[in-house]
Amino acid sequence: MNKKRTIKYGLPVMLALVCFACTKDLDRKPTNSLIADVAYKDMEGYQKAVAKMYGSFGLTGNAGNGSSDLAGIDPGASDFLRLYWNVQELTTDEAICVWADPGVPDFHEMDWSSNNIILMGLYNRCIFQITICNEFLRESTEEKLAARGITAGDAEKIRNYRVEARFLRAFQYWVLMDVYGNPPFVTEETPVGKNIPPQIKRVDLFRYVEQELNAIEPLMAKARQNEYGRADEAAVWALKARMFLNAGVYLGAGNERYTDAMLNARKVIDAGYSLMPAYQHLFLTDNDRNNPEVIMPINYDAVSTENAGGTSFIINAGLGSPMNGRAMGMPGNGWGGNRVTKNLPLLFGDYVNTADSRSIFYTENTNPEIDNPRDFAQGIKVMKFKNIDQQGQMPVGNPNFSSVDFPLFRLAEMYLIYAEAVKRGATGGDEALALTYLNRLRERAYGNSAGNIASFNLAYIIDERGREFYWEAFRRTDLIRFGLFTTNTYLWPWKGGVKEGRGVEAYRNLFPLPASDIVANPGLVQNEGY
């Protein structure tokens with residue numbers, strides 16, 4: 001069945017776009033033969049611009065599959081989620097890829113450089129989306145609306161779009177802060193035409209994102225009241241909770257914000273969300289329907305968001321012989337790329353026979369060992385995301401593309417943020433309540449109270465986050481927060497390029513700014529170690 005989308009990603013977009021290869025373009029106005037006054041001449045133009053802001057999360061370019069907003073990278077690999085997923089998962093115990101494509105082996109071997117094509121792609125994708133938001137904000141001021149004769153109800157709708165644009169921009173700046181630390185920085189107030197955008201320090205970017213989220217919070221649509229796929233106040237709380245949980249990483253030891261993380265997680269929890277009754281149903285094609293858990297998704301469907309990224313990538317890259325492609329909703333039988341190291345399935349103990357419904361692995365081959373990283377047959381495969389609905393039916397559309405929406409934020413994360421923040425000493429935290437939240441996840445996973453716990457510690461939290469969120473692009477950030485990403489404290493097979501795993505340099509907790517941007521913008525200072 002086709003999904004009913006509220007943000008029409010497939011519409012032609014009047015907003016003209018540029019291709020990005022370096023950050024010298026960050027402060028430019030997207031232009032072509034359609035000048036802004038034509039692109040934004042009426043309400044339809046603004047709505048199409050909003051569609052592009054959201055659609056840039058789920059599409060690679062205006063012309064669909066094979067097109068890209070970015071230069072210098074294969075269009076199929078230029079989708080935001082595919083780029084971000086690779087950075088967050090292939091660098092950890094949760095994924096290892098057989099492919100030798102440019103940039104891919106660097107991640108699990110943990111020897112990436114500033115010339116890594118995937119790191120360049122994610123960097124430029126974030127910047128591109130920030131640029132679109134900046135342009136929308138420049139073109140939707142009260143003065144611009146009045147000059148174009150847009151008033152009353154239409155003007156009010158555009159004011160609402162403006163705060164959503166600010167949220168989407170804040171989200172992308174959070175990604176840049178988390179992954180690269182010290183990116184170039186431009187807002188809608190930066191004069192257009194300056195070719196050298198200034199660099200912002202991670203600490204200052206944290207403060208900016210926090211101020212933006214505080215400013216827009218009272219202006220956003222109320223929780224669970226906006227159209228599906230659009231941000232609301234709960235998305236603001238969720239991003240704040242996530243960011244504050246990692247404040248000690250972003251701001252340095254001694255600057256933790258666990259109380260703020262807990263309070264914002266609690267706001268989401270109290271906003272009327274509930275867990276999807278069946279864990280597997282979160283990752284099927286009809287997860288946009290009657291889903292009480294997801295706070296904000298990236299929308300995908302096999303008709304209007306055809307591309308080789310997103311959940312099409314997650315499913316196809318993790319699928320290959322001898323797995324049954326039709327059981328995964330991909331009759332083409334996948335691309336045979338990603339599987340997991342033994343550390344992930346072993347979080348479930350007996351992952352073949354466990355009663356924990358989150359253990360969704362292909363278990364015909366039960367040997368978790370990987371002796372050859374280039375052999376897809378070795379290791380355990382993930383079957384968590386499936387291109388079928390709850391009745392087992394594939395969606396209408398191209399059978400090689402997915403209609404599974406990807407959750408950027410969901411209630412389960414807020415439960416775990418609350419519990420971790422409390423355990424780390426948040427003021428006013430309620431450990432009994434935290435335990436209740438954790439056991440809600442366990443009861444959903446087990447179908448009863450058989451898996452409930454009586455107490456918890458931080459070691460339990462990081463393991464439970466692995467069980468709950470694997471392949472949802474959390475793992476790198478989580479391991480860094482727990483001091484486990486680069487150190488010898490925690491090893492996984494082929495970490496650092498050796499079978500038994502090894503620690504690597506601490507500077508790899510941050511990725512480098514792309515070498516191309518360092519050359520293009522002499523005002524940028526490269527991250528330490530690169």
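**Figure 1. Helices and strands of the predicted chain.** The chain holds 18 helices and 6 strands, where helices (H or I, at least four residues) and strands (E, at least two) are DSSP runs numbered from the N terminus. Its radius of gyration, taken over C-alpha atoms, is 22 Å, close to the 24 Å that the globule rule gives for 530 residues, so the chain is as compact as a globular protein of that length; the rule is 2.2 Å times the number of residues to the power 0.38. This is a predicted model, in which local features need pLDDT of at least 70, side-chain atom pairs count only at pLDDT 80 or more, and totals for chains, interfaces and linings use all residues. Residues are numbered from 1 along each chain as its sequence is written, and side-chain values use heavy atoms, with hydrogens and water left out.

Figure 2. Of the 530 residues, 62% count as buried, meaning under 20% relative accessible area (1.4 Å probe, protein chains only). Among contacts (heavy atoms within 4.5 Å) between residues at least 6 apart in sequence, 70% join residues at least 24 apart.

Figure 3. The 15 residues of α8 (residues 202-216) should span 21 Å at 1.5 Å a residue, and because the end C-alpha atoms are 21 Å apart, the two values agree; the expected span is 1.5 Å times one less than the number of residues. Buried residues in α8 include R202, L205, F206, Y208 and V209, as well as E210, E212, L213 and I216.

Conventions. Buried < 20%, exposed > 50% of the residue type's maximum accessible area, 1.4 Å probe, protein only.
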